[in-house]
Every structure is written in structure tokens, then in C-alpha cells.
Amino acid sequence: MPFVHHRHDIHAHIHKALRAHLSQTMLACGRADWDDREERDTCLADIRQLLAACQTRLDQEGEFIHPRLEALEPGVAARAGVCHLQLESTMDDLSDLVQALDDASPPERETAGVALYGRLAMFVAEFIVHMGMIEREHNKVLWHHFSDSELRCIEAEIVASMSPERQMFLLRWMIPNLNPDERLDLVRTIRRDAPADAVQALMNLTRSVLTTRDWTRLVFALGGFLHHPVAELAA
């Protein structure tokens, strides 16, 4: 079997985060007790956050990736553009269904919940298919025309376009859903490039979202310590 050199994938990390966010939000919606006010409010807020995260990613693709693809190979981003319009239409429908459930009287909640869950499940499937298409078709063009260092620069532009709050929100979904090598590379990159307060916020977040086993593994891979003994960090 021929050796295939691994190229830098600007979609890999964010797509893992979005797949986890999509899947877990859908599952929570399916098991929600809509008559429980706290559970209802939490689930609807999570769906709104999911829709915002998906819209952010579509906007990033449209602003930073599609123009580059079109400049290199005209027409290559057209299919993705059509998908964006379809997905945004579905997101509008979901926003309406979320609001309808939020406003529903007790006798109406079960029906509203079934409608919301069914539409959300279809959206999750559609968005996952879209991401798969992006990974297959767009990466082929990007890898042909850009070096890995150039791709990292594009990725850095995308990250810089987000507010610190949006970055931390995405990292909350990203960090626990990367494999150990991907997680280590991400943390090393941020620790190298970010200011000290951002690094501390990252490590606090990382500790809160990882299992003890994954956190301990990361600490040892980083050199066995951060600012405290490993035994304390892994406790």
C-alpha cells in the first residue's frame, strides 16, 4: 500500500466539535421532559447555541474558504453554497420550532416537542453530510493549491475572526472530542502563541472537560507539569 502523507486539515478539529455538539444536542432533545421547566429551558438554550455555532461555521466557510476555492477552480464552491442556503432555511425553521415550544401551553408541549425533535434530527443528518462533502471535495482543492503552512495561516485567520467567548465555547466541544495527539498539538499551539491569561483559561477549561485519565495523559505529554505538580493537577 503506498504511503499517503498526512496533510493539514483545516476542517478536522471544528468538524469533530460540531459532530459532537450536533449529536449530543439531538440526543438531549429526544429524551427531554418538556414539562420540566428547568430541563426545557436548558435544552432549548442548547439548541439555540447549536444553531449559532453552525451559522458561525457556515459564515466562516463563506468568508474565508469559498472565495479562495472559486479563485483557484471556479464553480467548485457552488454546491456548498446551495447547501448553505438549504441548511440556513432549516435553521430558520428550527428557530421557529424552538420558539413555538418555548411558548406552548402544557397540552401543546408534547406535540411541539415531537415536531422539534424530528426536524432537529433531520438537520443533524443534513449538516453531517455537508461536512463530509466539505472534507472530501474542498480539501482536495486546498491540498492541491496550498502548503500546510499556508493552510495554517488560513486557519489562523478564521480563529482570529471569532470573539474570545466564541473561541472558548468551541474549545469546550473540541477539546474532549479530539484524539490525544490532536489535543496535544492544539494545546501546544495555543500555549506557544496565546497570551498567558488565555493559556490559563484554556488549561482551566481543558481540565474541566476531560476525564482524569485524559487530563493526566495530556499533562505528562506536555512535560509532566504545568504550574503545579502533576499529582495535584490529576487529582
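No disulfides are counted in the structure, a disulfide being a pair of cysteine sulfur atoms within 2.5 Å. The model is a predicted one, in which local features need pLDDT of at least 70 and side-chain atom pairs count only at pLDDT 80 or more, while totals for chains, interfaces and linings use all residues. Residues are numbered from 1 along each chain as its sequence is written, and side-chain values use heavy atoms, with hydrogens and water left out.

The cysteine sulfur closest to that of Cys43 belongs to Cys29 and lies 4.7 Å away, which is too far for a bond. Cys43 has 6% relative accessibility and therefore counts as buried (buried means under 20% relative accessible area, exposed over 50%, and partly exposed in between, with a 1.4 Å probe and protein chains only). Of the 235 residues of the protein chain, 42% count as buried.

The protein chain has 10 helices and zero strands; helices (H or I, at least four residues) and strands (E, at least two) are DSSP runs, numbered from the N terminus. The C-alpha atoms occupy a box of roughly 55 × 55 × 40 Å along the principal axes. Among contacts between residues at least 6 apart in sequence, 74% join residues at least 24 apart, where contact means heavy atoms within 4.5 Å.

Two packed helices are described by the angle between their axes and the distance between the axes. Axes are lines fitted to C-alpha atoms, for helices over the stretch in contact, and angles run from 0 to 180 degrees between N-to-C directions. Helix α3 (residues 78-103) packs with helix α4 (residues 106-145) at an angle of about 160°, the axes being 10 Å apart. This angle makes α3 roughly antiparallel to α4 (under 35 degrees counts as roughly parallel, over 145 as roughly antiparallel, 65 to 115 as roughly perpendicular and the rest as oblique). The residues of the contact of α3 with α4 comprise 16 nonpolar, five polar and six charged; Ala, Val, Leu, Ile, Met, Phe, Trp, Tyr, Cys and Pro count as nonpolar, Asp, Glu, Lys and Arg as charged, and the others, Gly among them, as polar.

Helix α2 (residues 37-72) and helix α6 (residues 164-174) pack at about 105°, with their axes 12 Å apart, so α2 is roughly perpendicular to α6. Gln49, Ala52, Ala53 and Thr56 of α2 make this contact with Arg166, Phe169 and Leu170 of α6. By class, four of these residues are nonpolar, two polar and one charged.
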